[in-house]
Amino acid sequence: MTRLYLFLAVLFAVLMALPLVLGNYVLGIFVMVYFWAYVGQSWNVLTGYTGHISLGHALYLGVGAYATTYFAQNFGLSPWIGMFLGGFIASAIGLFLGFLGFRFGMRGVYFVILTIAFAEITRLIVSHMEALGSFTGIFLDFDPSFLHFQFRGNVPYYYISFGFMVVSMVVVRTIERSRLGRFMVAIRENEEAAQALGVNTFKYNMLAIAISAYMTALAGAFYANYIFYLHPNSMFGMATSIELILRPIVGGLGTIFGPVLGSFILSPLSEISRAYFSKGGLEGLHLILYGVVAILVVLFMPKGVIVYVTKMLNPILKPETARQGKRGDDADGR
Amino acid sequence: MDPHYLLQLAIQGILLGGLYGLIAVGLSLIFGVMGIINFAHGQMMVMGMYVSYWIFVLLGIDPYLSLIVVAAVIFVLGYLVQATVVNRILDYPEAMQVLPLVAVGLVLENTALLLWGPDYRSPQTALSLETLWIGPVMIDVSRLIAFVLAILITTGIFVFLKKTRTGKRIRAASDNRMGAILVGINVNRINNASFGLGAAATGAAGALLLPLMPLSPHMGHDFTLTAFIVVILGGMGNLIGALAGGLILGVAESLSALFLPATLKQVVSFSILIIIMLFRPQGLFAGKK
Amino acid sequence: MATSSGPVEPVGPVGPAAVISGHQDFYPALLEAPDSIHLLLEITTAFVVKWLAAQEAVDGPFKRIAIADYNDNKKEGIGMKKKAGKELNRRTFIKTSGAIGLGLAASSFGVPTLLRAAPTKIKIGSIQPVTGPLAVIGQGQRKANIMAARQINAAGGIKSMGGAQLELLLGDSESKPEVGRQEADRLIKDGAVVLQGPFQSGTAMAIATLAEQRQVPFVMDVAALDAITQKGYQYSFRVFITAKGLVGGAIKYLKQVTEMKGVMPKTAVVTNTADPFGKGMSGGFLKGLEKSGFPIKIIDRIQYPLGIQDLSTEVAKIKSLKPDLIFPVSRPGDSVILTRELYKQRVPLMGIFCPGSPGWYEPHVVKDLDKLILYVLVNVPWVNPNSTVYQKANAAFYKAYNQILDTNSAYAYTGTLVIADAIERAGSARADDIVAALKKTNFKDHPVVGGPVQFNEKGDNIGAMTALIQVQKDPDYLKRVKIVMPKEFAQSDEIVFPAPPLWER
């Protein structure tokens, strides 16, 4: 195990040092890698561990972004505080959705559609609220300062997004090791059986969705102060929800490193293919490529890329488990 | 309130609802047989529109006449998607089934963009501006034809499933996959055929829509959502329910214009959806498939 | 060299120079009269550059040009050029003798400054929505940016910087603000000293903020929402008219038309797409109309989502309200649905008056709608068809891309010209110099209706104005759109208002 921790420590140090050598643009790519990894991780808490698929997670991202911005613009509240309020609002919405879904026994496809419907309804309602900019969206003022969560260069954004991602991994790790985590996995594997064994599935489902929504909303605050423009369609739309789930699925669902790995694969891929194909006459090719890669990964690596990476790295990082046989596979992947 | 206005809205809703129904029938069929949601459904419909468009522009054949050809082409498309992608993911957990089909939609949408560009295309077909008048109430001829054909096609699919051998196999596979395998049905081929059939239905709906609305690569997504709602209304896997669900949604959306702006139309549909899922998750027309 | 058949002749500035001076005298003169050789080579270099540009104009972009420079590893000088051309299998050609001769001669006789001084590259980042729902417009704008840069290069580049060439770096916003921002950052990383684009107001806002963060000048060719320039940004400039300016024009023309024709519409309905531009524009129009005291009653405002497929219920509603006029703020696509539906449901109207939006003048819309779109009045920032700049640019655009230079592309074209003009006057590619020059812009030779481009303290173009256009009868659908107001730009003296009903044409 020590080798594994050593490896992670080295990786951490390298990533921490990157802003010393990289320019704004490449840092920007890393910011997006961390951002989507974080959001993917938040989604993973619900879907990866309890198995309830949310295809409307953009809802919480949007709520976080809008709430933070609303508090900042109207009450001068720093986004550093506003984002936690946004988190609570998102949790409340998540709990309401969860109540309908879990109390009324919506499973599988029905739950998916419920989450889509919630996100779409919120999108439409926000589109009609003048206080939130309605269809025009909100343009944030750019006034760089730490208190405002706004900065000139990408270096602070880099460290903040990196911090988000690392904290999310620690949180998920903690959950995974706790009773809560074990119950969540039990629900994923067989909800009826878990219930029969006396697990209060409703309670743990609700906890999972609340945590997941809360975490996602924090990312919304980051997004708002990084992009400076909020629009209901881009914040609550299904395209964002889909973008958000791609990374954990490609990386490996229900694992700590899956969303991160997926983000390290997909974000640069979309960036590079766009940069390379953004010539006249090839419009759209990069999205085709993106789609094809996503299909191939799911078809040929259904448990996510993480499984293969773990297999590859195991002999180096964990010689003891590799010698003992296959036991390490699962333990490390999850 | 002008009573003619009310009547006008209702008629438009019913006519459009027929088309919604046809689109949703395909989705419902695919779900019924394989338990999979086709997230690329709208994009497949758009492909149907493009095929129909090019036949019209290059050969001058009216969309209503090329309907069969369009359906055949989209059948092949659906068959291929099933054979290459969907058959491999049938045993995956649900979360993993979502992504490949979303990605298929992405690929289809951007292939259309790459090949035919982003322009809105709205060819004027022979009947696209024709109207019938019953007193002060207008009936759009192309909408009426689309409606009638949509009903016919749906009935056709229904009869096909009831009466033919392949249809019965499809229903068998839909009822009990393992059982179907045990009695010697080649389930993979049945799956391919039913995905193809579902796609063909939505492709045909695309051809019927061509005279009605401008075509562009990015319009698929909205139709996918509409089809979801209709399918839930009618009950997953219930074909006649899908048709009825389409009519209900069409009328509800249309009449919502009385008290809501067009931008909130979808709130009505989604609210209906949530209420149905809460209190009647088996759909309004639970019963035989 | 760039002809499509056979091997190609090497080309370089030395060959022509040697011919002019006489081969016998050329090499000795390098030593004896370096100054005059210097001058001569400068002239022949400029000639070669022009000649290459001319070749490119005839044969399309080069696939590959190999340049034998005396210091190839630095890839300066004219540099290595790679482009996707028409023929992928065309033979690589190397121009050797002349240039190598010069290289050898230059390095030994102290002329190297000559090729050093020859065109350096100035990179301009063009970010347009070339994919996504607005791709039609974005692709046209990108093409116009490319053509403008090519023409400037062909005409000798930035003269104050020794004929420096413009290089356009292309970015795709995918019609999404966050992507637009990331693309802008990428282009800055690749060396863009100025950014331009991006049509959508949301993306414009994201890029404007980034431009402020990175301190890179940003010239918006099209983006109308007022708010973008209200933040006091120092690096953002807008060539396009503001939404406020658009509204002012609409009300002015509305008054003039009704007075001229002596017809007074009493009621009207406003329709708009529910997106930032649609809402901002129609909201501003409603407010402006109220303030102006123009006696027309707006009985309803109908908003519908962007990309709507069916407007039959909305039109049924309009019919039941019986308005005299419709003020649509639309996007390409919904204008077609709206008009066809108005026809099908036989809605009686005095006319359609668009206060300023796409969807009413694009050639394919005019063609698709045919008789139905006749007599629509549109207030819009428009191309100036009487100007030679426009005529030339339009002809070149049509030749290169087989489409006409419409108003958005013409503004994109203008944007690139304005940038080149500022760099020319700045004589430098440093951000602050360019910003200072942009602030002093007074650019007359542009292809759009309006006065010279001049930026106020907010960065808005005070010369921007709108024209009133009407679709009128003409056998050639490309010629149907005509300017009817203001007088100095008008192409047609007659305005048809009120228009005959849609179904009696």
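**Chain C.** I looked up burial: of the 505 residues of chain C, 55% count as buried. I keep in mind that this is a predicted model. Next I checked secondary structure, and chain C has 16 helices and 15 strands. Then I turned to contacts in chain C with a separation of 6 or more: 69% of them join residues 24 or more positions apart.

**Confidence in chain A.** I noted a mean pLDDT of 83 for chain A. In this chain, 93% of the residues reach 70 or more. Which element of chain A has the lowest mean pLDDT? I found helix α16 (residues 327–333) of chain A, with a mean of 43. Helix α3 (residues 58–75) of chain A has the highest, at 92. I then looked along the sequence, and the pLDDT is below 50 over residues 325–334 of chain A. Beyond near neighbours in sequence, this stretch has 16 contacts in the model.

**Where chain B touches chain A.** I looked up the contact between these chains: 33 residues of chain B meet 35 residues of chain A. Which helix gives the most to the side of chain B that touches chain A? I found α4(B), with 15 residues. I also listed the elements of chain B that each supply at least two residues to this side: α3 (67–89), α4 (94–116), α9 (220–234) and α11 (265–279). By class, this side of chain B has 27 nonpolar, four polar and two charged residues.

**A helix pair in chain B.** I picked α3(B) and helix α8 (residues 187–209) of chain B. Their axes are 6 Å apart, and the angle is about 140°. The pair is therefore oblique. I noted the crossing of α3(B) past α8(B) as right-handed. The contact of α3(B) with α8(B) has 17 nonpolar, 10 polar and no charged residues.

**A helix pair in chain A.** I went on to helix α2 (residues 24–50) and helix α11 (residues 238–251) of chain A. Here the axes are 8 Å apart and the angle is about 80°. So α2(A) is roughly perpendicular to α11(A). Which residues make the contact? From α2(A) I wrote down A:Trp36, A:Ala37, A:Val39, A:Gly40, A:Trp43, A:Asn44 and A:Gly48.

Notes: Residues are numbered from 1 along each chain as its sequence is written. Chains are lettered from A and ligands numbered from 1 in the order in which they are written. This is a predicted model: local features need pLDDT of at least 70, side-chain atom pairs count only at pLDDT 80 or more; totals for chains, interfaces and linings use all residues. pLDDT is the predictor's confidence in each residue, from 0 to 100. Helices (H or I, at least four residues) and strands (E, at least two) are DSSP runs, numbered from the N terminus. Two residues are in contact if their C-beta atoms, placed from the backbone, lie within 7 Å. Ala, Val, Leu, Ile, Met, Phe, Trp, Tyr, Cys and Pro count as nonpolar, Asp, Glu, Lys and Arg as charged, and the others, Gly among them, as polar. A residue is buried if 20 or more other C-beta atoms lie within 10 Å of its own, exposed if 12 or fewer, and partly exposed in between; C-beta atoms are placed from the backbone. Axes are lines fitted to C-alpha atoms, for helices over the stretch in contact, and angles run from 0 to 180 degrees between N-to-C directions. Angles under 35 degrees count as roughly parallel, over 145 as roughly antiparallel, 65 to 115 as roughly perpendicular and the rest as oblique. A crossing is left-handed if the near helix is turned anticlockwise from the far one by less than a right angle, and right-handed if clockwise.
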